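Colleague: Could you walk me through this one, starting with the open spaces and then moving on to the helices and the backbone?
Modeller: Gladly, let us have it on the screen first.

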Amino acid sequence: MTMRRREPAPVAHANTRVEGYRCVRAASEALAAPLSAEDCALQSMPDASPVKWHLAHTSWFFETFVLSPHARGYAPLDPTYRMLFNSYYNSVGDQYPRPERGMLSRPSLYDVLAYRAHVDAAMRELLANEVPTELLAVIALGLHHEQQHQELLLTDVKHLLARNPLRPQYTPGWPLTTVTPRHANWIAFEGGLDEIGHSGDAFSFDNEGPRHRAYVAAFKLASLPVTNGEYAAFIDDGGYHRPEFWLSAGWDEVQRQQWDAPLYWSRRDRQFRTFTLHGEAEIDPHAPVTHISYFEADAYARWVGARLPTEYEWELAARGVPQAGNFVESGALHPLALRDAAPSNIPAQMFGDVWEWTQSAYLPYPGYRVADGAIGEYNGKFMSGQMVLRGGSCVTPHSHIRETYRNFFPPAARWQFSGLRLALDG
């Protein structure tokens, strides 16, 4: 009697890995689904990228750092993609110029989706087998990297559609409903020596560590982010025309760019309106203000006699606060006013709605070391000339955020969903 060898059943953790990968990848394509091929090809400014490029680059990451070096027999779909969809990894090779990504009419959106399918098939095969711990860490980085690009996809699409005089909608339906106005109060935090940064085995980016001790003086933090109505009062008081509130570089930017309100705002019949992913609408005076630069956030804080929190203060205040909020999964795709009553001693809306500018420059933590190889270019080389934001936004995936997450942008950047929360010395 011939014995047939029984193949081992797939282990549960392999199935979990495949499903986790599938969900993140599917989310990117779902975000692109409301758009036409023409929408996906355009680039509205050098800091933005076409949707088609986001979809391709996130596949390039898995091909370059996982499949090509680790999947036996893997063959790239098209070798030219290695250069076309390389973002900034000099160690990998040449890159197509970032400001010209919108000129890549070929490959088509159809070709890019075929590229994603090619990479996904190889990744499913790889993940169905045993994967070394070190490679699992790279895959986890790739999935969180893709979630970053999901947020960028939406912010870039918003900027693109706002340039269209037809004011088109990305998605119909307006999420705002009438709310009871809520007013911020000050929450006091004791000072002292505390630990800052990520700890534990859960995923984090390298810039969130190493965990270290730091002294933080006593401070107060506003219970709510600054609202549209509060920021409109700054505008009406001539805030954009009063240099005493502005950093020198910020005042120069105001003059050069002719800023007089947050990005996407306009005034019609003395009423402020804004462009959203749902089309144009009146601003909600009770919702968090968004699409302001660090310079604008800092000027507003000076106007009210307060300041921006440091990132250490923000992290300490967020510790233990439930990471619930208005994220991309809500479908609102716009900051919302606080709906429910919140305890007066716990800051509300710390997570979701708007990224909150801090007064902290984006610098390495004590003991930080850049990883070896091309992966080391992910965060470390940007630690110059940028400011830290915390908390996530209305287009951030919920599973992507945590209290130690350090986002960073140049101080003049406005196309992200960035807002502010006030602080005072203790």
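Modeller: Please keep in mind that this is a predicted model. The largest pocket has 41 residues in its lining, and those that lie nearest its centre are Asp47, Arg98, Leu152, Phe409 and Trp415.

Colleague: How much space lies in the largest pocket?
Modeller: The computed value for the largest pocket is about 1100 Å³. Its lining residues divide into 18 nonpolar, 14 polar and nine charged.

Colleague: What about the second largest pocket, what is its volume?
Modeller: That one has a volume of about 450 Å³. It is lined by 20 residues, and the closest to its centre are Ala324, Gly325, Leu338, Ala348 and Gln349. By class, its lining has 14 nonpolar, three polar and three charged residues.

Colleague: Switching to cavities, how many of 30 Å³ or more turn up in the whole structure?
Modeller: The search finds three cavities of that kind. The largest cavity holds about 110 Å³ of space, and among its 17 lining residues Asn228, Trp265, Thr274, Thr290 and His334 lie nearest its centre. That lining divides into nine nonpolar, five polar and three charged residues.

Colleague: Which residues line the second largest cavity?
Modeller: Its lining is made of Ala41, Pro50, Lys52, Trp53, Phe85, Arg101, Leu104 and Pro107, and by class these are six nonpolar, no polar and two charged. The volume of this second largest cavity is about 50 Å³.

Colleague: Back to H6 for a moment, is it mostly buried or exposed?
Modeller: Because 22 of the 30 residues of H6 are buried, this helix is largely enclosed by the rest of the structure. Its length also agrees with expectation, since at 1.5 Å a residue its 30 residues should span 44 Å, and its end C-alpha atoms are 44 Å apart.

Colleague: How do H3 and H6 pack, at what angle?
Modeller: They pack at an angle of about 170°, and their axes are 9 Å apart. An angle over 145 degrees counts as roughly antiparallel, and H3 and H6 are therefore roughly antiparallel to each other. The residues of the contact of H3 with H6 divide into 14 nonpolar, seven polar and two charged.

Colleague: Now the backbone, where are the cis peptide bonds you listed?
Modeller: One joins Arg106 and Pro107, with omega about 0°, and Pro107 sits in the loop between helix H4 (81-84) and helix H5 (109-127). Pro107 is also one of the residues that line the second largest cavity. Another cis peptide bond joins Gly209 and Pro210, again with omega about 0°, and Pro210 is found in the loop between strand S2 (192-196) and strand S3 (212-216).

Colleague: Are Arg167 and Tyr264 buried or partly exposed?
Modeller: Arg167, in the loop between H6 and strand S1 (186-189), counts as partly exposed at 27% relative accessibility. Tyr264, in the loop between H8 and strand S5 (265-268), is buried, with a relative accessible area of 10%.

How values were computed
Residues are numbered from 1 along each chain as its sequence is written. This is a predicted model: local features need pLDDT of at least 70, side-chain atom pairs count only at pLDDT 80 or more; totals for chains, interfaces and linings use all residues. Side-chain values use heavy atoms; hydrogens and water are left out. On a 1 Å grid over the protein atoms alone, a cavity is a set of points where a 1.4 Å probe fits but cannot get out, and a pocket is an open set with protein on both sides within 12 Å along at least five of seven lines; lining residues have an atom within 4 Å of a point. Grid points are joined across faces, edges and corners, and a volume is the space filled by probe spheres set on the points. Ala, Val, Leu, Ile, Met, Phe, Trp, Tyr, Cys and Pro count as nonpolar, Asp, Glu, Lys and Arg as charged, and the others, Gly among them, as polar. Axes are lines fitted to C-alpha atoms, for helices over the stretch in contact, and angles run from 0 to 180 degrees between N-to-C directions. Helices (H or I, at least four residues) and strands (E, at least two) are DSSP runs, numbered from the N terminus. Angles under 35 degrees count as roughly parallel, over 145 as roughly antiparallel, 65 to 115 as roughly perpendicular and the rest as oblique. The expected span of a helix is 1.5 Å times one less than its number of residues. Buried means under 20% relative accessible area, exposed over 50%, partly exposed in between (1.4 Å probe, protein chains only).
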